[in-house]
Amino acid sequence: MSVKKLPNRDGYGHGLIELGKSNPDVLVLDADLAKSTRSDWFQKEFPDRFFDLGIAEQDMLGTAAGLALAGKIPFVTTYGVFVAGRAWDQIRTTICYAGINVKIAGAHGGVSVGPDGATHQALEDIALMRVLPGMTVVVPCDAIEAKKATISVAEINGPCYLRFAREATPVFTKEEDFFQIGKANVLNDGSDVTIIACGPIVYESLLAAEQLQKEGISTRVINMHTIKPLDEEVILKAALETGAIVTAEEHQIFGGLGGAVAEVLAKNNPTPMEMIGVKDTFGESGTPEELAEKYELTSNDIVKAVKNVLSRKKD
Amino acid sequence: MVPQSNENLQAICKDVRADIVKMTAAAGSGHPGGSLSSVELLTALYFNVLNHRPEEPNWPDRDRFILSKGHVCPVLYSVMARTGDFPVEELMTLRKFGSRLQGHPNVKALPGLESSSGSLGQGLSIANGLALAAKLNNKSYRVYCLMGDGELQEGQIWEAAMTAPHYGLDNVCAIVDYNNLQIDGKCDEVMGINPLAKKWESFNWHVIEIDGHDLAQVLKAYEEAANHKEQPSVIIAHTTKGKGVSFMENVAGWHGKAPNKEELEKALQEIYGGGI
């Protein structure tokens, strides 16, 4: 199957431009990474509403908070590691504790960032953001969904975290597909097992389901683009109807999507689970393909995880 | 609000000092030292400078005050109550369960606050954002931000110190309560911040250095800052930690400790007895 590829951060750039046209209160702040994060697309269209804060993420978050307190809708943009990690206390105390309407975009999520290596590959950001009270966390799966997510978070009055990836990845959703924050999309129905994924690895999950289908395993695939608030209903329905769950994300296996799904299942309906993700280690330099292979994030790894979970499935 | 005479302000400062020791005594914890050193700075600001409407806390054109050193909220709560934001009696609920007067300010709990604070170093950035929004919206409100001297050891302050002049935020007035004490001792010994005026000057700020307990100097400094264009202003206010209560003055131990009953009585006698 041949499919068009784009970095999903492109969707962020397109979404910002659309927002810039429709809402004069939308501003964009960046910390010296405007070209890479695509916030420079907005800068070109709306130079008076773009502010570079320099390499000073903590100050950028605080400045955004002040702008939001005065009624603006600031989108702050940098790499996920530098915003979710370095400015975490600013996000916690200044923004979330006060419920301030700041939109935070973390680019370069996952090992697929590639040659830059571990320092630039955000692998903990979903965990760091979802633990904060009042925070919305969205991880779009492709460039089209990224654009929708960008536009949608502007409608929420409160802090939101958007996670993007660096690499060009398959664009497999359509403009007309339904998208609502907090409402997961079931992309492939199935009755034997469910894969719940977020980000570009959703595509790998679909490839895995296709492979499994050939082997007679009926696989449901859920695109869990919103990690918080989590669509618990779709998870519990999948647990009940398929009895086995595999989560897939380009993030540490601790605290991210897998953790969030496990919390829901443990509390309501303990269900055999496998988690695809980076296993308590840092990334390294390499091509995205080499790294996906090493860190077991490919469709083949998902197929293996499905078979493991099926072997543990209750009767 | 009608500006108060210098004499009235002095009398109000005594009440504010009394509030601080009473509140922290009632709470059994809190931060009297740095609250007492900021009394003149905030009393003058709230009564004579800050354009705000207690009956309309979200008035869009109000001047904003950001308390970056959140632990000295007793002094802020006191001047807020005494300018009409909430009843003075409520001050005694400080730090108690269910109180709007949280141990460090919570903007969601108490109308009239502009931000939550407690983790140091974050206020000046918020002030810059508010000031930048004023420029974008063609609003003439001003933004004030009180910081501690020890707080200046936080790197984010200096990030924000670069941002304000970069964006020409002459509507920002930073205030440093320079009492030269922090929890572990003298700022100079814990982590030196001098030469302080030169630091701010080199970051392209207009620097005003004053005695932070002299009301006339405090008021004049706010006026000078308001009239200074194209650059943000910083008021470096030399103060005494624990000012007005002899046994608390210049003692680092009173940074975060409440007076007991006897100490409270003695403090109140000093505050109302001999003047400051």
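Predicted model: local features only at pLDDT ≥ 70, side-chain atom pairs only at ≥ 80, totals over all residues.
**Entry 1: the domains of chain A**

I began with how chain A is divided. The assignment gives domain 1, residues 5-170, and domain 2, residues 185-310. I then looked up how far apart the two parts sit. The centres of domain 1 and domain 2 of chain A, taken over C-alpha atoms, are separated by 25 Å. To the contact, domain 1 of chain A brings 35 residues and domain 2 of chain A brings 33 residues.

**Entry 2: what lies between the two domains**

I looked up the buried area next. Domain 1 and domain 2 of chain A bury about 2400 Å² between them, and carbon and sulfur atoms give 58% of that area.

I found 20 residue pairs in polar contact between domain 1 and domain 2 of chain A, counting pairs with both residues at pLDDT 80 or more. For salt bridges between these domains, the count is one.

**Entry 3: chain A against chain B**

I moved on to the interface of the two chains. Here 24 residues of chain A are in contact with 24 residues of chain B. The area buried between chain A and chain B is about 2000 Å², with 57% of it from carbon and sulfur atoms. How many salt bridges cross the interface of chain A and chain B? I found zero. Polar contacts do cross the interface, and I noted 11 residue pairs, both residues at pLDDT 80 or more.

**Entry 4: the largest cavity**

I then searched the whole structure for cavities, and four of 30 Å³ or more came up. The largest holds about 100 Å³ of space. It is lined by 14 residues, and those closest to its centre are B:H52, B:P57, B:R62, B:G112 and B:E114. I sorted the lining of the largest cavity by class and got five nonpolar, two polar and seven charged residues.

**Entry 5: the second largest cavity**

The second largest cavity has about 70 Å³ of space. I listed its lining, which includes A:G109, A:S112, A:V139, A:P140, A:R163, A:F164, A:C198, A:P200, A:I201 and A:E250. By class, I counted seven nonpolar, three polar and two charged residues in this lining.

Terms used. Residues numbered from 1 in each chain as written. Chains lettered and ligands numbered in written order. Heavy atoms only, no water. 1 Å grid on protein atoms, 1.4 Å probe; cavity = no way out; pocket = protein on both sides within 12 Å on 5 of 7 lines; lining within 4 Å. Points joined across faces, edges and corners; volume = space filled by probe spheres on them. Nonpolar A, V, L, I, M, F, W, Y, C, P; charged D, E, K, R; others polar. Domains from an automatic or database assignment. Contact = heavy atoms within 4.5 Å. Buried area = accessible area lost by both parts, 1.4 Å probe. Salt bridge = Lys/Arg side-chain N within 4 Å of Asp/Glu carboxyl O. Polar contact = N/O pair within 3.5 Å; in protein donor to acceptor, adjacent residues only side chain to side chain.
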